[in-house]
Amino acid sequence: METPAAAAPARSLFPSFLLLACGTLVAALLGAAHRLGLFYQLLHKVDKASVRHGGENVAAVLRAHGVRFIFTLVGGHISPLLVACEKLGIRVVDTRHEVTAVFAADAMARLSGTVGVAAVTAGPGLTNTVTAVKNAQMAQSPILLLGGAASTLLQNRGALQAVDQLSLFRPLCKFCASVRRVRDIVPTLRAAMAAAQSGTPGPVFVELPIDVLYPYFMVQKEMVPAKPPKGLVGRVVSWYLENYLANLFAGAWEPQPEGPLPLDIPQASPQQVQRCVEILSRAKRPLMVLGSQALLTPTSADKLRAAVETLGVPCFLGGMARGLLGRNHPLHIRENRSAALKKADVIVLAGTVCDFRLSYGRVLSHSSKIIIVNRNREEMLLNSDIFWKPQEAVQGDVGSFVLKLVEGLQGQTWAPDWVEELREADRQKEQTFREKAAMPVAQHLNPVQVLQLVEETLPDNSILVVDGGDFVGTAAHLVQPRGPLRWLDPGAFGTLGVGAGFALGAKLCRPDAEVWCLFGDGAFGYSLIEFDTFVRHKIPVLALVGNDAGWTQISREQVPSLGSNVACGLAYTDYHKAAMGLGARGLLLSRENEDQVVKVLHDAQQQCRDGHPVVVNILIGRTDFRDGSIAV
């Protein structure tokens, strides 16, 4: 039998347990109320009569960030944002494949120094963009991909075109977010735009479910039953849905800041710059390798060019840095890069990475002092644990670093015989190509000769878009961009199929420029249908297709090593006629009119100036003397 003394502690614990249980219940209820947005709805009402929609919020943020174009392939999930962009004066440019829309946004970003924007529908619309997004990541292009999605209430419930899109894009993008309420559209997009341009630039992805883009009355019609349900369970479900809808739109149209957030761009410290100045000041054979990062904002291309000229160090230019010094500049060395790197005593890798393009660092001499500057630390030190070691590794903006380096080296000069030694290698290579241009081919046209004539014809206001293997590899040696930001290649990912999208973005960004596209016939297969896009949107671009009826860059290695040309053969297809079927102009260059190459190029140029997209199908012979390498 329990004594009163023993029962007393049990009775004293009961109120404590009761208080704890009540507290837990209250906390759970408050948490549930918070998740359901009940507290927020007390202060922020829902305008049920409004016909506004979330697409208007998207368009407002884009306009506030200076976006002038949005590239897309239409789908019902994203229609509201496209309509809203059109109303605010943002030009909506629709393509025939989603990947082209992202490639166009990539080109827009590279040439404008701002964020390029593409919008595609849910599911397969987004999966079609994966290659282009990965290409932008590798090329460090700041693009914003807007993707439609199933209703927030129906995700993971088998809705049409519903997949886990965030998991798909997290490895490819710097920033990924799914908007869950209309009021979150503006802050999410502002954060995404800032992330795309801060640090190492790159793609960002924002998922916009269908119920945050359409008006209240349309979402209500789809979400809430028209007739009040009977029974307790039905009423509870109806209350939940009505509250969910209210939380979705609560505070949706309240004013919010829409403009750009501050960017976080790393800068070299004064101490690092000074150490680099001291290293370079003692150099006898300095060499600089400039990559795409050098052309990123905030440093303008004109300021960078002036700085490089003042510095007086011979340099190799790759990626978006091609054309920085214009055509035939005495400081620009174009050939025999590996040999030059072995001879240099101080090497400045400015936005250049020791990946496959520099043989993972093996082309660098162990006796050279190496300065490397890059916004991305991991990329900056790539393979430094195996093949090379930096004397000074600077994490910071490349363009700003070069300007500071020049300030610290004012008055410094280097012996001219070093530059002359490097230029002699260029002259020897040029002579080799002149000899190749004079060599006969069994059939059709000599590609080296054709490309030399293209180089002579190319206007000063041109932008070169290159997309291909063998033909483009040869063009990289022979055809020179006329100035900074006038060369577009895929970048380190080596993607085929960028041509039409890059040309689209380039022409819209620089309407006064002539956009010349150099295609291999294999690569042109990806872009052909987009001549429908060029025609519909009245975008005149000039495409030169080096047609040798094959994947020749692959065949060149596959046949000698494996003894078969399987899967490498194409046909001498009438690409010019196919383009004409899409409404473009088409011209043919072949052995029959080989003495009129320049005339045909001028005719194509004039038709382009008259507002027509043009395809010149150039039948070239398969040769074994072309240099199919390209430094991307």
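This is a predicted model: local features need pLDDT of at least 70, side-chain atom pairs count only at pLDDT 80 or more; totals for chains, interfaces and linings use all residues.
**Entry 1: α19 and α20**

Helix α19 covers residues 447–457 and helix α20 covers residues 470–478. I looked up how their axes lie: they come within 10 Å and cross at roughly 45°. The angle falls between the cut-offs of 35 degrees for roughly parallel and 65 for roughly perpendicular, and α19 and α20 are therefore oblique to each other. I noted the crossing of α19 past α20 as right-handed.

Next I listed the residues that meet. From α19 I have V448, L451, Q452 and E455, and from α20 I have F471, T474, A475 and L478. Sorted by class, this contact of α19 with α20 holds five nonpolar residues, two polar ones and one charged one.

I then stepped back along the chain to G468. I found G468 in the loop between β12, residues 462–467, and α20. Is G468 buried or exposed, or partly exposed? The relative accessible area of G468 is 22%, so I put it down as partly exposed; the cut-off for buried is under 20%.

Leaving out residues up to four places away in sequence, I have G468 touching L496, G520 and A523. I also took a distance to A344, which is 124 residues from G468 along the chain. The C-alpha atoms of G468 and A344 are separated by 32 Å.

**Entry 2: C517 in β14**

I moved on to C517, which sits in strand β14, residues 514–520. C517 has a relative accessible area of 1%, so I recorded it as buried. Which residues does C517 contact, beyond its neighbours within four places in sequence? I listed V465, A503, L542, A543 and L544. By residue range, V465 falls in β12, and L542, A543 and L544 fall in β15.

For a distance I used P330, 187 residues from C517 along the chain. I read 27 Å between the C-alpha atoms of C517 and P330.

β15 covers residues 542–547, and the loop between α23 (531–536) and β15 contains H537. I recorded a relative accessibility of 14% for H537, which therefore counts as buried. With neighbours within four places in sequence set aside, I found H537 in contact with R91, V92, V93 and D94.

**Entry 3: α11 and α12**

I went back to helix pairs. Such a pair is described by the angle between the axes and the distance between them. Helix α11 covers residues 216–223 and helix α12 covers residues 232–249. Their axes come within 11 Å and cross at roughly 155°. That angle is over the cut-off of 145, which makes α11 roughly antiparallel to α12.

On the α11 side of the contact I listed Y216, V219, Q220 and M223. On the α12 side I listed L241, Y244, L245, L248 and F249. By class, the contact of α11 with α12 has eight nonpolar residues, one polar residue and no charged residue.

T200 is in the loop between α9 (185–197) and β6 (204–209). With a relative accessible area of 16%, T200 is buried. Apart from its neighbours within four places in sequence, T200 contacts Q140, K174, Q293, R375 and N376.

S359 is in the loop between β9 (346–350) and β10 (369–374). At a relative accessible area of 27%, S359 is partly exposed.

**Entry 4: the whole chain**

I have 26 helices and 17 strands down for its secondary structure. The C-alpha trace spans about 110 × 60 × 50 Å along the principal axes. The chain has 632 residues, of which 55% are buried.

I noted an accessible surface of about 27,400 Å² for the chain, with 57% of it belonging to carbon and sulfur atoms.

Methods. Residues are numbered from 1 along each chain as its sequence is written. Side-chain values use heavy atoms; hydrogens and water are left out. Axes are lines fitted to C-alpha atoms, for helices over the stretch in contact, and angles run from 0 to 180 degrees between N-to-C directions. Helices (H or I, at least four residues) and strands (E, at least two) are DSSP runs, numbered from the N terminus. Angles under 35 degrees count as roughly parallel, over 145 as roughly antiparallel, 65 to 115 as roughly perpendicular and the rest as oblique. A crossing is left-handed if the near helix is turned anticlockwise from the far one by less than a right angle, and right-handed if clockwise. Contact means heavy atoms within 4.5 Å. Ala, Val, Leu, Ile, Met, Phe, Trp, Tyr, Cys and Pro count as nonpolar, Asp, Glu, Lys and Arg as charged, and the others, Gly among them, as polar. Buried means under 20% relative accessible area, exposed over 50%, partly exposed in between (1.4 Å probe, protein chains only). Accessible areas come from the Shrake-Rupley method with a 1.4 Å probe; for residues, only the protein chains shown count as cover.
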